[in-house]
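Open the model in a viewer and keep the sequence panel at hand. The stops below are given as selections, each followed by what is found there.

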Amino acid sequence: MGRHTGAPRGGEPADECPGAVLERERWSRTRVGLGEPGVRFDWEAAFGRTARRVVDLGCGNGLYLIQSGYARPDTDHLGVELVPPAVRMGSLRAGQRGLTNVKFAWGDASDFICERVEPGSLDEAHLYHPQPYYDRAKILKRQLSPRTLLAIWLALRAGGLFVFQTDNPEYAHYAKENAGQLFEWRPRKGPWEDAPDGRTQRERVARFQGLEIFRVEAARLPLEEHEARRRVAGMMEPDFDANKKGFEGRSPRGGGSGRRGPRRRA
Ligand SMILES: C[S@@+](CC[C@H](N)C(=O)[O-])C[C@H]1O[C@@H](n2cnc3c(N)ncnc32)[C@H](O)[C@@H]1O
């Protein structure tokens, strides 16, 4: 996986982007800053209107956002991504297509969802193919955790949607066991009519490699906040072993051969 812009490398499928590049006068501004730490992100200021809100947490090169931006002009889309070249590629492509309802911000999507979103203000939160981090030394970086799950639940409006996708079976299992306590779990089987090759670059690569895609479109459960917090307090931290069969032993810190049982939070 590693750090890259989302552009195809050898042996990867072409990353064709929906839509067409417009003449320069019609390009739009699609970069946005997240603002000061601890301050809520101002959607109205960023998009110049009040509309439905969709966020993509770790959006990579933004293929999903661009496709959905075309399909849903009534909806504002924000991608938050840690890797600057990916942000640049996504925003350049969206801008060259003149999209005004798709914006890209550089930053940590976990901090964003935990600290910068008004409770009950999002319509959808998407998390596509978060890095599994095979190296156990890096598992604290995993994007799905009790902390972020609670934050997503709090950020979504009543009935809002959490869309999660992965090609890692262990990640899929972790998501179901934990996110399933806050969201109505509705798994989906692809391929998708609107994007048979995949909605994101990583999905395209995974399909190309013949990997199974786990997707869930999960509606926020109508829980009292104290009940949501109680459930989160009992959730497992994401310290599952994400190693694929045959990968074990090659991980620098040793994915090891044993499957570690998940640790419960104290
Ligand atoms: C495997 S890629 C998937 C990218 C895209 N979602 C897709 O499906 O093609 C994982 C992405 O998540 C980004 N990422 C990882 N942790 C992040 C974080 N805390 N905040 C924002 N982006 C993050 C990585 O930089 C990378 O672009």
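For helix pairs, an angle over 145 degrees between N-to-C directions counts as roughly antiparallel, and an angle under 35 degrees as roughly parallel. The model is predicted.

**Whole chain**

Begin with the protein chain in cartoon view. The chain holds eight helices and eight strands. Of its 266 residues, 41% count as buried. Among contacts with a separation of 6 or more, 79% join residues 24 or more positions apart.

**Helices α5 and α8**

Select residues 146-155, which form helix α5, and residues 225-233, which form helix α8. How do α5 and α8 run relative to each other, parallel or antiparallel? They pack at an angle of about 160°, with their axes 10 Å apart. The two helices are therefore roughly antiparallel. The crossing of α5 with α8 is right-handed.

Now show side chains at the contact. From α5 come Pro146, Leu149, Leu150 and Trp153, and these meet Ala228, Arg229 and Val232 in α8. By class, this contact has six nonpolar residues, no polar ones and one charged residue. As a reminder on helix geometry, an α-helix has 3.6 residues a turn, so residues three or four places apart point the same way.

**What covers α5**

Keep α5 selected and colour it by burial. Nine of its 10 residues are buried, so the helix is mostly covered. The buried ones are Pro146, Thr148, Leu149, Leu150, Ala151, Ile152, Trp153, Leu154 and Ala155. Which elements cover them? The cover includes the helices α4, α6 (169-179) and α8, together with the strands β4 (122-128), β5 (156-166) and β8 (214-220).

**Threonine 148**

Within α5, centre on threonine 148. Threonine 148 counts as buried because it has 24 C-beta neighbours inside 10 Å, where 20 or more are needed. Leaving aside residues up to four places away in sequence, threonine 148 touches Ser110, Ile113, Cys114 and Gln143.

**The loop between β4 and α5**

Move to the loop between β4 and α5, where histidine 129 lies. Tyrosine 133 is found in the loop between β4 and α5 as well. Check the backbone torsions here. Most residues other than glycine have a negative phi, and most peptide bonds are trans. Histidine 129 has a positive phi, near 50°, and is not a glycine. Tyrosine 133, also not a glycine, has a positive phi of about 55°.

Tyrosine 133 has 19 C-beta neighbours inside 10 Å and so counts as partly exposed.

**A cis peptide bond**

Select glycine 190 and proline 191. The peptide bond between them is cis, with omega near -5°. Proline 191 sits in the loop between β7 (187-188) and α7.

**The ligand**

The shell has 21 residues, of which Gly58, Gly60, Ala109, Thr200 and Arg202 come nearest. Elements that give two or more residues to this shell are β2 (75-81), α4 (109-115) and α7 (201-208). Which element gives the largest share? That is α7, with three residues. Coloured by class, the shell divides into nine nonpolar, eight polar and four charged residues.

**Helices α2 and α3**

For the last stop, select residues 63-71 for helix α2 and residues 84-96 for helix α3. These two pack at an angle of about 20°, with their axes 9 Å apart. That angle makes α2 roughly parallel to α3. Their crossing is right-handed.

Show the contact residues on both sides. Leu65, Ile66 and Gly69 in α2 meet Gly90, Arg93 and Ala94 in α3. By class, the contact has three nonpolar, two polar and one charged residues.

Definitions and conventions: Residues are numbered from 1 along each chain as its sequence is written. This is a predicted model: local features need pLDDT of at least 70, side-chain atom pairs count only at pLDDT 80 or more; totals for chains, interfaces and linings use all residues. Axes are lines fitted to C-alpha atoms, for helices over the stretch in contact, and angles run from 0 to 180 degrees between N-to-C directions. Helices (H or I, at least four residues) and strands (E, at least two) are DSSP runs, numbered from the N terminus. Angles under 35 degrees count as roughly parallel, over 145 as roughly antiparallel, 65 to 115 as roughly perpendicular and the rest as oblique. A crossing is left-handed if the near helix is turned anticlockwise from the far one by less than a right angle, and right-handed if clockwise. Two residues are in contact if their C-beta atoms, placed from the backbone, lie within 7 Å. Ala, Val, Leu, Ile, Met, Phe, Trp, Tyr, Cys and Pro count as nonpolar, Asp, Glu, Lys and Arg as charged, and the others, Gly among them, as polar. A residue is buried if 20 or more other C-beta atoms lie within 10 Å of its own, exposed if 12 or fewer, and partly exposed in between; C-beta atoms are placed from the backbone. A residue is near a molecule or strand if its C-beta atom, placed from the backbone, lies within 6 Å of it.
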